[in-house]
Amino acid sequence: MSDLQEYITKRKSNDAIFADGFDEGYEDFKIGVMLKQIREEAGMTQLEVAEKLGTKKSAISRIENHAQDIRLSTLEKYAAVFGKRLAISIQ
């Protein structure tokens, strides 16, 4: 277990407020990171993605950096820009 993983596990067991919001916040963060990674791998800027989606660069930045409350339809459109499709898994 990495130092970070160990810290998170310990903090979650000692801090109920931290534990309560950590997993949800981490999932939001992870989605944004994946979207940014897809864009960067395609060699596109936020502005280029925004133009393809008919929105503003600031909206793409918000999606990538604060991924909470993104509509599924927005995720589908974002994925389609890169020739990908959205797949959802419940585990």
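1. Two residues are in contact when they have heavy atoms within 4.5 Å. On that basis, among contacts in the chain between residues at least 6 apart in sequence, 48% join residues at least 24 apart. The model under discussion is predicted.

2. Secondary structure. The chain contains five helices and zero strands, and its pattern along the sequence reads α-α-α-α-α. Of the 91 residues in the chain, 20% are buried.

3. Nonpolar core. Nine residues form the largest nonpolar core: Leu35, Met44, Val49, Ala50, Ile60, Ile63, Leu75, Tyr78 and Phe82. At least two residues of this core come from each of helix 3, helix 4 and helix 5. In soluble globular proteins, nonpolar side chains tend to be buried together.

4. Met44. This core member deserves a separate entry. Beyond its neighbours within four places in sequence, Met44 is in contact with Arg39, Val49, Lys52, Val81 and Phe82. Val49 and Phe82 are also listed in the largest nonpolar core.

5. Gln46. Is Gln46 buried or exposed? Gln46 counts as buried because its relative accessibility is 13%, and the cut-off for a buried residue is under 20%. Gln46 lies in helix 3, which spans residues 46–53.

6. Surroundings of Gln46. Which residue does the side chain of Gln46 meet in a polar contact? The partner is the side chain of Glu64, at 2.8 Å. Once neighbours within four places in sequence are set aside, the residues in contact with Gln46 are Arg39, Lys57, Ile60, Ser61 and Glu64. Of these, Ile60 belongs to the largest nonpolar core, and Arg39 is also in contact with Met44.

7. Second largest pocket. The space in this pocket amounts to about 250 Å³. Its lining consists of 12 residues, and those closest to the pocket centre are Ala59, Arg62, Ile63, Ile70 and Thr74.

8. Origin and class of the lining. Helix 4 (57–65) and helix 5 (72–81) each contribute at least two residues to the lining of the second largest pocket. Helix 4 provides the largest share, three residues. How is the lining of the second largest pocket divided by class? There are four nonpolar, four polar and four charged residues.

Technical notes: Residues numbered from 1 in each chain as written. Predicted model: local features only at pLDDT ≥ 70, side-chain atom pairs only at ≥ 80, totals over all residues. Heavy atoms only, no water. 1 Å grid on protein atoms, 1.4 Å probe; cavity = no way out; pocket = protein on both sides within 12 Å on 5 of 7 lines; lining within 4 Å. Points joined across faces, edges and corners; volume = space filled by probe spheres on them. Helix = DSSP H or I, 4+ residues; strand = E, 2+ residues; numbered from the N terminus. Nonpolar A, V, L, I, M, F, W, Y, C, P; charged D, E, K, R; others polar. Buried < 20%, exposed > 50% of the residue type's maximum accessible area, 1.4 Å probe, protein only. Polar contact = N/O pair within 3.5 Å; in protein donor to acceptor, adjacent residues only side chain to side chain. Core = buried A, V, L, I, M, F, W, Y, C linked by side-chain atoms within 4.5 Å.
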